[in-house]
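Welcome, and please open your viewer so that we can walk through this protein stop by stop. At each stop you will get something to select and a short note on what is there.

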Amino acid sequence: MSNKAKLTVGGKEYEFPLVKGSEEEVAIDIKSLRSVTGGITTLDPGFKNTSSCESAITFLDGEKGILRYRGYSIEDLAEKASFLGVVYLLIFGDLPTEEQLAVFHADIKSKSVVDDDIKKILDAFPKSAHPMGVLSSLTSALTAFNPASVDVSSAEAMYNTVVKILGKFPVLVAWTMRKKQGLPLDYGDNTLGYVENLLKMMFKQPNEEYVPNPIVINALDKLLILHADHEQNCSTSTVRVVGSSHAGLFASISAGISALWGPLHGGANQAVLEMLEAIREDGGDTKKYMAKAKDSNDPFRLMGFGHRVYKNFDPRARIIKVAADEVLADLGIEDPILDIAKALEQEALQDDYFVQRKLYPNVDFYSGIIYRAMGIPVDMFTVMFALGRLPGWIAQWKEMRNKKEPIGRPRQVYTGSNQRSF
Ligand code: CMC
């Protein structure tokens with residue numbers, strides 16, 4: 001293949017270089033398009049054909065159903081790694097040695113105290129507030145308590161800001177849930193592992209000793225690994241664009257949380273569970289809901305199905321489906337909505353509408369069933385996704401700042417009125 005692409009506009013021919021990724025993906029480098037053509041741009045709503053950056057963090061092949069973090073397959077990582085090890089891998093590029101991991105964890109713990117005044121902000125929210133709105137606000141508020149902007153040219157300053165957010169974020173997650181439940185807010189226990197500490201902060205009753213459940217700890221660890229990064233998705237692109245204006249890490253992540261909240265993105269895990277519950281209450285007639293999903297006059301979509309990039313099985317969904325069976329069996333829970341989910345999947349995989357559009361279950365289809373079995377309230381599901389995605393957001397923000405990427409500022413094709421006299 002030639003290493004140039006040719007474009008003809010108005011009888012004039014232009015050449016643009018091709019850029020190749022390490023997995024042989026090809027992109028046309030149009031950085032010079034406007035200047036050489038005298039103002040022509042590209043139009044691509046939803047960025048369906050646009051690579052916004054070159055990135056060395058996550059590789060995704062939607063046609064083959066492949067997902068790798070820093071070269072390691074998601075299947076291997078879910079089976080063999082710990083969440084904190086994956087956090088290190090994503091942010092620093094390699095799996096940590098035992099010693100590196102211990103130092104990293106100790107540094108995170110040393111920064112895990114959240115200023116007590118944050119509780120005053122939390123007090124001001126009504127109990128009806130959605131946890132994602134609260135979490136986004138509290139993350140943004142962290143900037144007020146850590147006002148110094150990070151010197152991105154200093155590896156030490158970057159490291160400090162990274163461990164700070166990793167230490168404080170689980171506290172904000174737990175506080176967001178507990179405040180809504182009217183329970184006292186705890187500071188966690190630095191003798192515990194990262195995930196176990198989070199679970200204790202979330203679930204310890206004030207009048208009972210906390211008893212860790214290894215099944216729940218392992219299942220949550222795995223779920224967080226599966227959510228940890230997904231290249232340039234909506235929330236990650238948001239984090240990179242906000243950070244490209246040189247806004248700080250906490251502010252960029254707060255924006256990412258807002259982007260994740262929507263039901264077409266991370267909010268789908270809550271929407272899936274509500275949908276499955278509604279089908280159950282309606283008598284379990286999956287065919288009726290399949291018909292609604294296919295009706296172009298009905299806004300209903302089969303939540304947890306379809307993906308912008310995967311046109312094959314989402315590899316994360318395969319792993320989560322098996323985990324859902326295992327976790328429910330281990331915990332001795334029988335949940336009728338797991339059967340409804342499996343029936344919907346079976347019908348969709350044989351249905352022309354879904355087959356032609358290559359719509360498969362995505363990461364959100366079965367995850368809510370596991371969260372529910374763990375005792376996590378449904379409106380906290382997307383918050384758990386945010387906690388899992390945190391390392392991805394950090395790694396992508398860090399990569400973008402280290403590479404000195406320019407401010408993200410797309411163009412438009414103006415379709416409004418021509419000049420009018422006032
Ligand atoms: N149910 C029914 N029809 C669907 C669905 C669905 N879940 N998803 C896509 N379609 C149809 C859509 O109506 C369109 O049909 P037509 O060509 O006849 O107009 C076609 O499939 C292509 O859909 P699209 O909306 O153009 O595709 P997209 O790449 O812009 O959207 C998506 C991807 C994930 C937003 C979409 O599939 C969707 O809304 N799914 C349900 C929400 C969901 O589960 N989101 C979680 C995504 S994975 C985790 C994450 O990103 O956080």
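## Stop 1

Select strand E5 (residues 66-69) together with E6: two bridges join them, and they pair in the antiparallel sense. Helices (H or I, at least four residues) and strands (E, at least two) are DSSP runs, numbered from the N terminus, and two strands pair if DSSP finds at least two bridges between them. Before going further, note that you are looking at a predicted model, in which local features need pLDDT of at least 70 and side-chain atom pairs count only at pLDDT 80 or more, while totals for chains, interfaces and linings use all residues. Residues are numbered from 1 along each chain as its sequence is written, and side-chain values use heavy atoms, with hydrogens and water left out.

Now click on Tyr69, and you will find Tyr72 of E6 opposite.

Strands of a sheet pair through backbone hydrogen bonds, either parallel or antiparallel.

## Stop 2

Next, select E1, E2 and E3, which form an open sheet in the order E1-E2-E3 with antiparallel pairing. Its edge strands are E1 (4-9) and E3 (26-28), each pairing on one side only. On average, neighbouring strands here are turned by 30 degrees against each other, direction ignored; such angles are taken between axes, which are lines fitted to C-alpha atoms (for helices over the stretch in contact), and run from 0 to 180 degrees between N-to-C directions.

Start with E1 and E2, an antiparallel pair with six bridges. Leu7 stands opposite Tyr14 in E2. These two strands form a hairpin with two residues between them, and Gly10 in the turn has a positive phi of about 55 degrees.

Move on to strand E2 (residues 12-20) and E3, which run antiparallel and are joined by three bridges. Look for Val19, whose bridge partner in E3 is Ala27, and for Leu18, opposite Ile28 in E3. This hairpin has five residues between the strands.

Glu24 has a positive phi of about 70 degrees although it is not a glycine. Is Glu24 buried or exposed? Its relative accessible area is 53%, so Glu24 is exposed; buried means under 20% relative accessible area, exposed over 50%, and partly exposed in between (1.4 Å probe, protein chains only).

## Stop 3

Select helix H3 (residues 83-92). Nine of its 10 residues are buried, so H3 is largely enclosed by the rest of the structure. Among the buried ones are Phe83, Val86 and Tyr88. Just after H3, Gly93 takes a positive phi of about 100 degrees.

Now select helix H8 (residues 194-203), where nine of the 10 residues are buried, so H8 is also largely enclosed by the rest of the structure. The buried residues include Glu196, Asn197 and Lys200. What do the buried residues of H8 pack against? They pack against H3, H4 (98-110), H7 (155-181), H9 (214-227) and H18 (381-402), with contact meaning heavy atoms within 4.5 Å.

## Stop 1: The nonpolar core

Highlight Leu166 and Phe169, the residues with the most contacts inside the largest nonpolar core, which has 112 residues. A nonpolar core is a set of buried Ala, Val, Leu, Ile, Met, Phe, Trp, Tyr and Cys residues joined through side-chain atoms within 4.5 Å. Leaving aside neighbours within four places in sequence, Phe169 is in contact with Leu135, Thr139, Ile253, Ile257, Ala386, Leu387 and Leu390.

## Stop 2: A pair of crossing helices

Finally, select helix H10 (residues 234-244) and helix H11 (residues 249-261), whose axes come within 8 Å and cross at roughly 150 degrees. H10 and H11 are therefore roughly antiparallel to each other (angles under 35 degrees count as roughly parallel, over 145 as roughly antiparallel, 65 to 115 as roughly perpendicular and the rest as oblique). Residues making the contact include Cys234 and Val239 of H10 and Ala251 and Leu260 of H11.
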